[in-house]
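Hi,

Here is the structure I promised to pass on. Have a look at it first, and then read my notes below.

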Amino acid sequence: MKRSQILFKLIFVVLVLGFSDWSQAQIKIGFHAPLTGPTAADGKSSEIGAQIAVDWINAAGGVLGQKLQLIVYDDQGKPEQSIPLANKMIGEDKVVVAVSGGYSLPTRAAAPVFQKAGIPYVAAYAVHPDVTKGGKWVFRTVTLGPPQGAVTAEFIAQEFGKKRVSVITMDNDFGQSIADGFKAYAPKFGLTVLKEYTYSLRERQFGSIIAAVKADNPDVIFASGYFFVAGPLVSQIRAAGLTQPIVGSQAFDSVQFIAIAKEAAEGVFVVGALGRDGKHPDLERFKTEFAKRAGHEMETTAAHCYGAIMLVADAIRRAGSTDPAKIRDALAATKDFPLLTGPLRYFGPTGELYQPVEISVVKGGTYHSYKIIDDPAILTPPNQ
Amino acid sequence: MMLLVEIVLKGLVYGSMYALMAVGLTLVYGLLRILHIAHAGLFTLGAFLGVVVTNATGSLTLGFVVAIVVAATVGALIYRWAYQPVLKQPPHVPMIISIGILVMMEDSFRIIFGSYGLSFKHNPYYQSTVGFLGIRFTEAEIATVIVSFVLIGLFSLIATRTRIGLSWRATVTDPAMASVFGISPIGVRYANFIVGSSLGAIAGVLIAILNNYVEPGMGATLSYKGLAIVVLGGLGNVRGTLVASLLLGVVENLGSIYLTDVLDRDAIGFLFLIIVLMIRPQGLVGK
């Protein structure tokens, strides 16, 4: 092929691309998640979840007669990445709303940038309390750590009575904030906390902690952790001969947890789990589509991000406009929106949601819905 | 009291896991004075291959064999292509190369094996237990302790009692003099990387069984704690590595219970390292 031909073709392609962009106006939604680095697994699932939401909305005709476009960036799980990305989304891409599919650190760092620019920002599953301290432009579609811990105390008291509990906590902001809520509410529900043991996320062998828990002889064990620690921890607890009920935190909710712990996972309760028994009309369809795209079963982060994008699209529709200020007001006015993770009743004044907490149990190698705790005394979002 | 015994014994399990991981580092440091951080990548490679091959064929033995052969080959290639060209450079040059290789390997594992990590389809050894002094140990834990003692013991014997060991030690002490006596220093170096990488791969598969889980970043702990152990054991000393590993496992285990509110396992480990080096700068076993 001659050089002139190549040049001509290139110009043609550029023109076609350019015109197709003009012919169909697009609503740009910013999105960041850790696509590389140690937490890339969750980031990848997040991206797929968000993209499914966008694709389905577009297939159904888009929003306000326009297609949605997801502008995806890799935050590498680092705050020093998310700040320039936020500026890029606002300044260059001109997004009208943004969603964080990342962890607390990068989300916390980006939130003030969106706040200052007046672009609504939704944290899909970042749990650190400071995320929404950014201000009235920041929202969160997951329940905070302390109320999750408090609900866990209520669940243990309801299920097993006024018992003695050993607490095993992962040493990060998520684990600590859940444990704080648990310890604050445990006495109110008549529970006794025997001792709390903390571990770092790098650990996979828990011999010493389990030996100490065995000596404490609790009635119930409450542990927080992601699947890659929860799997080894639970199987080692059972191998050590401890038969007490185990109650796990939100991040236990992963098919990988069952793949690692196998039979030992049976009977483990997960507080803050996904409603997996098909209460949401789209859940089954979403699971199938996710498995097709990802090559493995659905992960919770994907469900969170799918929900956040659906919520944002719904807010644009209700706002009847792509004006960021109107989208923000529509988000703040959300009532009873069905997230995949359960119904979002409303947002409090600080951008935190009210959502009943789902408890699942592992039976026959899969998660099953067990109970829903809807206690306004614990779950009502704070006023400031 | 019973609790104390249990924590110490579980600490020995932890320590023998460290020992198997770190002995490859010790060998390379002893011979070439290179901080072979990429060893952590070979360890992870072994672990992944062990799981993948075992799941595909149903044979754990084959899993071990493939893991050892591939890791040993890659280890020798790393020596040939990455270290040999820069042996005359100051030690930080191969170290930086080594860090680069580790980062590259970790991301390759993420791309090839997926970032969620893998588990054995069938792994009876991490949950079936044996009672000892009223404490339950999983078969995987017992295997880890036995394998690390036997392999490291065997290696010490070979190093001190055989001609091969003699030529190894001669090359460590004075490569020029050794080659005058007909020992090929190049051959010794290859053997060194092959043995060290094989032990790393064995450690990887054992830990895969122990946790029933392998992940791309599982070498991270080894990459820095292994170095601490090598220093603690007296640089390049194999028996020192074993002693340091066991001691570190026990100290960390005790700390993780009695200092659980204050420090995490790694902090306890490094605090111990600092204290030992203040008292014995030459390491625990060094002269």
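Let's begin with the place where the two chains meet: 32 residues of chain B are in contact with 31 residues of chain A. Keep in mind that this is a predicted model. On chain B, the elements that put two or more residues into the side touching chain A are α1 (2-32), β2 (135-138), α8 (185-211), α9 (220-232), α10 (238-258) and α11 (265-279). The biggest share comes from α1(B), with 7 residues. Sorted by class, that side of chain B has 14 polar, 10 nonpolar and 8 charged residues.

Next, chain A and its domains. Domain 1 of chain A gives 8 residues to the contact, and domain 2 of chain A gives 9. On the domain 1 side, those residues divide into 4 polar, 2 nonpolar and 2 charged.

I also looked at one helix in chain A. Helix α3 (residues 79-91) of chain A has 13 residues and reaches 18 Å from its first C-alpha to its last, close to the 18 Å expected at 1.5 Å a residue. Which residues of α3(A) are buried? They are A:Gln81, A:Ser82, A:Leu85, A:Ala86 and A:Met89. These cover an arc of only 130 degrees around the axis, so they sit on the same side of α3(A). They pack against β1 (26-33), β2 (67-74), β3 (97-100) and α4 (104-117) of chain A. On the face of α3(A) turned away from the buried side, you'll find the exposed residues A:Glu80 and A:Gly91.

Cheers

Notes
Residues are numbered from 1 along each chain as its sequence is written. Chains are lettered from A and ligands numbered from 1 in the order in which they are written. This is a predicted model: local features need pLDDT of at least 70, side-chain atom pairs count only at pLDDT 80 or more; totals for chains, interfaces and linings use all residues. Two residues are in contact if their C-beta atoms, placed from the backbone, lie within 7 Å. Helices (H or I, at least four residues) and strands (E, at least two) are DSSP runs, numbered from the N terminus. Ala, Val, Leu, Ile, Met, Phe, Trp, Tyr, Cys and Pro count as nonpolar, Asp, Glu, Lys and Arg as charged, and the others, Gly among them, as polar. The expected span of a helix is 1.5 Å times one less than its number of residues. A residue is buried if 20 or more other C-beta atoms lie within 10 Å of its own, exposed if 12 or fewer, and partly exposed in between; C-beta atoms are placed from the backbone. The arc is that of the directions from the helix axis to the C-beta atoms.
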